[in-house]
Amino acid sequence: INELSKLLSENTSQIELDITANKIVFYIDKLILISKLIDGKFPDYKKVIPNNNTNNLIVNRLKLLSAVDRVSTIANEKSPVIKFKLLKNIINMNTINNENSTATEDLEAEYTGDEIEIGFNSKYIMDILNNLEEEKITLTFKDSSSPIIAKEKSNPDLTFVLMPMRV
């Protein structure tokens, strides 16, 4: 779609379309763009969404985003892992890079659950936080090796799932 949009924005002449049962062909000037329907069954995405995460973290989205951004500034570029240590009402975030420089920050949050130490790619955490909108969000955890879920109350059908990294 993005490629088609780009091609159409640069075109002022007419285009031709051919549509069949499993593909669509766009003739744009001297270019031909073909899109084919994918055959096969997609895996059931609901199977990868955990339903047994019992440790709940409610946190200010913008404060968490800022803290992750600050801590990640010294993270290793190839593997920007941030370790989260979840304690009663505190998130401790830290990272260490190849030069043994460290960054750490504590953030107040509402956390009721087991003490968990879990690592994430900081870029993925920031992507999730940038795509949620509410002031307070909920992250649910099972343990240090299981996927987490990120949600907001105003949009219960929107679910982000993030796999942890080994730390």
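This tour moves from the whole chain to single residues, naming at each stop what to select.

**Before starting**

The model is predicted, so local features need pLDDT of at least 70 and side-chain atom pairs count only at pLDDT 80 or more, while totals for chains, interfaces and linings use all residues. Residues are numbered from 1 along each chain as its sequence is written, and side-chain values use heavy atoms, with hydrogens and water left out.

**Stop 1: the whole chain**

The C-alpha trace spans about 60 × 40 × 30 Å along its principal axes. The radius of gyration of the chain is 22 Å, whereas a compact globule of 167 residues would have one near 15 Å. That radius is taken over C-alpha atoms, and the globule rule is 2.2 Å times the number of residues to the power 0.38.

Next, switch to a surface view. The accessible surface comes to about 11500 Å², and 50% of it belongs to carbon and sulfur atoms; such areas come from the Shrake-Rupley method with a 1.4 Å probe, and for residues only the protein chains shown count as cover. Of the 167 residues, 36% count as buried. Buried means under 20% relative accessible area, exposed over 50%, and partly exposed in between (1.4 Å probe, protein chains only).

**Stop 2: the aromatic pair**

Select phenylalanine 84 and phenylalanine 120 and show their side chains. Rings of Phe, Tyr and Trp (its six-membered ring) pair if their centres lie within 6.5 Å; planes under 30 degrees apart count as stacked, over 60 as edge-to-face and the rest as tilted. By this rule there is one aromatic pair. The ring centres of phenylalanine 84 and phenylalanine 120 lie 5.5 Å apart with their planes at 80°, so the pair is edge-to-face. Distant parts of the chain are linked here: phenylalanine 84 belongs to strand 5 (residues 81-87) and phenylalanine 120 to strand 9 (residues 116-121), 36 residues apart. Both phenylalanines are buried.

**Stop 3: alanine 150**

Move to strand 11 (residues 148-151), where alanine 150 lies. Is alanine 150 buried or exposed? Its relative accessible area is 1%, so alanine 150 is buried. Contact means heavy atoms within 4.5 Å. With neighbours within four places in sequence left aside, alanine 150 is in contact with Ile128, Leu132, Thr138, Leu139, Leu158, Thr159 and Phe160. Threonine 138 is twelve residues from alanine 150 in sequence and 5.7 Å away in space, C-alpha to C-alpha.

**Stop 4: three asparagines in loops**

Select asparagine 11, in the loop between helix 1 (2-9) and strand 1 (15-19). This residue has a relative accessible area of 12% and is therefore buried. Beyond neighbours within four places in sequence, asparagine 11 is in contact with Ile28 and Asp29.

The next two residues are selected for their backbone. Most residues other than glycine have a negative phi. Asparagine 89, in the loop between strand 5 and strand 6 (90-96), has a positive phi, near 65°. With a relative accessible area of 34%, asparagine 89 is partly exposed.

Finally, select asparagine 100, in the loop between strand 6 and strand 7 (102-108). Its phi is also positive, near 65°. Asparagine 100 has a relative accessible area of 60% and is therefore exposed.

Note on methods: Helix = DSSP H or I, 4+ residues; strand = E, 2+ residues; numbered from the N terminus.
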